[in-house]
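Here's a quick briefing on the model you have open. Take a look at the fold first, then read on.

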Amino acid sequence: MRIQISSDLHMEFLNRFLNGHTADSVSDHPICQRVQEHGRGLGFWLNKMEDIDVLVLPGDLYYIRDKVTFNALLSEALDFAREVIFVPGNHDFWGSTIDG
């Protein structure tokens with residue numbers, strides 16, 4: 001069984017960086033070059049490896065309160081492995097409330 005583990009991706013910071021700059025101002029920046037090659041999603045951080053059975057994302061992926069983007073990232077994770085295990089981290093809940 002092949003397992004890939006990647007934690008603390010903090011995709012919100014990539015989006016914050018990209019949204020805070022114009023294409024002309026950072027087009028030669030290494031971050032922008034990687035986005036052009038791999039996109040703004042999980043492909044920015046993860047390299048596709050062959051025959052990965054399980055991708056483990058143990059926290060701090062993105063804000064859960066942004067359900068559309070968060071769900072898109074989890075769906076995209078299935079492009080990298082047959083199964084995905086996600087365990088929320090403390091930063092995934094920033095700006096959210098949990099009724100208890």
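Which side chain meets Arg82 in a salt bridge at 3.7 Å, N to O? That would be Asp51. Keep in mind that this is a predicted model, with an average pLDDT of 80 and 78% of the residues scoring at least 70.

**Salt bridges**
- The Arg82–Asp51 pair ties together parts that are 31 residues apart in sequence, because Arg82 lies in the loop between helix 4 (67-77) and strand 3, while Asp51 is in the loop between helix 3 (30-38) and strand 2.
- Arg82 also meets the side chain of Asp53 in a salt bridge, at 2.6 Å from N to O.
- Asp53 has 21% relative accessibility, so it counts as partly exposed.

- Three strands make up an open sheet in the order 1-2-3, with parallel pairing.
- Strand 1 (3-5) and strand 3 sit at the edges with a single partner strand each, so one side of each has no neighbour in the sheet.
- On average, neighbouring strands here are turned by 15° against each other, direction ignored.
- Strand 1 and strand 2 (residues 54-57) run parallel and are joined by three bridges; Ile5 has Val56 as its bridge partner in strand 2.

**Confidence**

How values were computed
Residues are numbered from 1 along each chain as its sequence is written. Side-chain values use heavy atoms; hydrogens and water are left out. pLDDT is the predictor's confidence in each residue, from 0 to 100. Two strands pair if DSSP finds at least two bridges between them. Helices (H or I, at least four residues) and strands (E, at least two) are DSSP runs, numbered from the N terminus. Axes are lines fitted to C-alpha atoms, for helices over the stretch in contact, and angles run from 0 to 180 degrees between N-to-C directions. A salt bridge is a side-chain nitrogen of Lys or Arg within 4 Å of a carboxyl oxygen of Asp or Glu. Buried means under 20% relative accessible area, exposed over 50%, partly exposed in between (1.4 Å probe, protein chains only).
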